[in-house]
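Visitor: Could you take me through this structure? I would like to begin with the salt bridges.

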Amino acid sequence: MVHKKTAWKLVLVLTIGIFLLFLTTQEAAKAFTFVTGGGNYAENTTVASISLAGKNRKEAEKILADNIEEWRDETAVTLSASGKRIVLDTEEVTFDVEETLEEAVQGSDNGLVVVLSERFFDPLEEEMDSELRDSLSEKMLRDVVKEDAASLPEDSLEYDAYHFLDQENEELYESIGSQTMNVPAEVDMERMRKLFDHTEMENGETFSMLDLLFEEGVYDEQALNMAATAIYGASLKAGFDVEERHISQRRPAFAEIGMEAGVNLKDKQDLKLYNPYSHDYILNWEETSSGFEVSWTGYPTGSDYQIYVRSAGTVPPKAIVEYSTLLEPGQVEVVQQGKDGESAEIWREDRASLNGDEELLTEDYYPPVPGVEVHSSFVVLNELEEEAQVDSEVVKHPSLDGTKASNPVGPGEVDVWENVQEWEKK
C-alpha cells in the first residue's frame, strides 16, 4: 500500500511539472516573438499612458520615440534655489526604449526606463549657491526626476532644492516676510515679545494668536493689537493665507490702511494664518530703536510677494441736525465733529511668478463718523409761522372778501368752498 501511494504521488508531481513546463515554454515563445517583432501587444498594454494595443515591437518603438521627442520639446525641468529658477536640460534626460519594452507587462500600464546623464546637474555648479550645493543630495533629486519623467507628464517638472537636503541646515534660513512697528514710549511690548518670539508654524498648519494667550489672562489692548498688526503684515509678505482677521471701527494711528489686525480674547476674535508651504517657519521678534520688527524665517520659498493698496479713498460723513428750545434764536451748538471714513482694496502680487500672479486679499472699510449739530428751535417756529401766513394768502377764496367769483362754478362741478351759486337757487 505504501508503494502504491508513493507511486501516485510521483505521477501527480510529474504531471504538474510537465504542465508548468508547457506554460513556461508558451510564455517564452511569446516573449521571443515580441523581441523579434513578430507579435502584437495585448489590449490595455500601455507605456507612460501611451497605448500599444495591437502594435508590434517596431511600431511600439517608433510611437514611444515620437512621444519622448515631443515631451523634450514641450516640457521644462527646473529647480528653485535661493530665489533663482535653474533650468535643467531635458536633452540630458534619456529613455531606454528597448529595455522598457522588454520589461513591459502585457495588459497593464508601464513606466519608461529613465537614465540621467552626468551632465544633467552641470547648471547647478554654475548657478547654485555653494553652501546650498554642498548640502544638496544629488541622489535624492536624481531618483525623483527619474520617477516623475517615467510617465512623460504634461506639466513641467518643478522642484524645490530645499526638499533635497541631506539634513536640516539652519544656516540656509532666510526671512520670507517681515514688518516693523513704531511703538509709543508709554506702551510696553515686552510681554508680547515673550509670548510670540520663536513661535513655530509647521507646514500645512494654522497659526492662531488666541491659542498662545492664557484664557483668563489680562492683556494691554493696544500692545496686543500692535503685535497682531505686525504679525499680520509679515505674514502677507511671506505669502501665508489669512483664515481670520478683524479690524477696528476707526483705523489706529500705528497701522497703515489695509495692514491692521486686532484680536479680542473676550469676544474670541482671532488672527489665524495658514502655512501653504512644505517647510516650517519660525516667528522672530527683534527690538529696534523705535519699536520692534517681526519676521518669518526658514527656507526661501522662491516667491517675492509685494503688497499694494488700490482704490483708496475717503468716505464723507453725514450731518445730523437736532433742535432745542434751550438755545437762543440763531444759535448753533456742535455736539460731534464729523470725520471722514476710509476704504481701500489690498492686493498681493508675486513678482517672481512668470505669470505675474496677483490676488485681491481684502477690501477694508472704516465707516465715517457723522457730524451732530443742535440748532435753536425758535428759528424753526418762526419759519413755520411765516410759511403758514404765505400759504393762507395764496389759497384765500375771493368770495370770502365780499366779492363775486370771476369764474362761477358750472353745472356738475363741485364748489370746494360750498357756496350756493345763483343757478342753484332757481
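This is a predicted model: local features need pLDDT of at least 70, side-chain atom pairs count only at pLDDT 80 or more; totals for chains, interfaces and linings use all residues.

Visitor: How many salt bridges does the structure hold?

Guide: There are 16 salt bridges, each defined as a side-chain nitrogen of Lys or Arg within 4 Å of a carboxyl oxygen of Asp or Glu. One of them pairs D364 with R245 at 2.7 Å, N to O.

Visitor: Where do D364 and R245 lie?

Guide: D364 lies in strand 20 (residues 358-366) and R245 in the loop between strand 12 (241-244) and strand 13 (272-274), so the pair ties together parts that are 119 residues apart in sequence. Strands here are DSSP runs of E with at least two residues, helices are runs of H or I with at least four, and both are numbered from the N terminus.

Visitor: Are those two buried or exposed?

Guide: Both D364 and R245 are buried. Buried means under 20% relative accessible area, exposed over 50%, and partly exposed in between (1.4 Å probe, protein chains only).

Visitor: What does E61 pair with?

Guide: E61 forms a salt bridge with R57, with the closest N and O atoms 3.2 Å apart. Both residues lie in helix 2, 4 residues apart, about one turn of the helix. R57 is buried at 7% relative accessible area, whereas E61 is partly exposed at 27%.

Visitor: Turning to the core, which residues touch the most other members?

Guide: In the largest nonpolar core, which has 40 residues, they are F95 and M128. Helix 2 gives the most to this core, with 4 residues. Such a core is a set of buried Ala, Val, Leu, Ile, Met, Phe, Trp, Tyr and Cys residues joined through side-chain atoms within 4.5 Å.

Visitor: What about the backbone at A48?

Guide: A48 is not a glycine, yet has a positive phi of about 55°. S49 has a positive phi of about 65° and is not a glycine either. A48 is buried at 9% relative accessible area, while S49 is exposed at 62%.

Visitor: And what separates N203 from D280?

Guide: Their C-alpha atoms are separated by 4.9 Å, although N203 and D280 are 77 residues apart along the chain. N203 is located in the loop between strand 10 and strand 11.

How values were computed: Residues are numbered from 1 along each chain as its sequence is written. Side-chain values use heavy atoms; hydrogens and water are left out.
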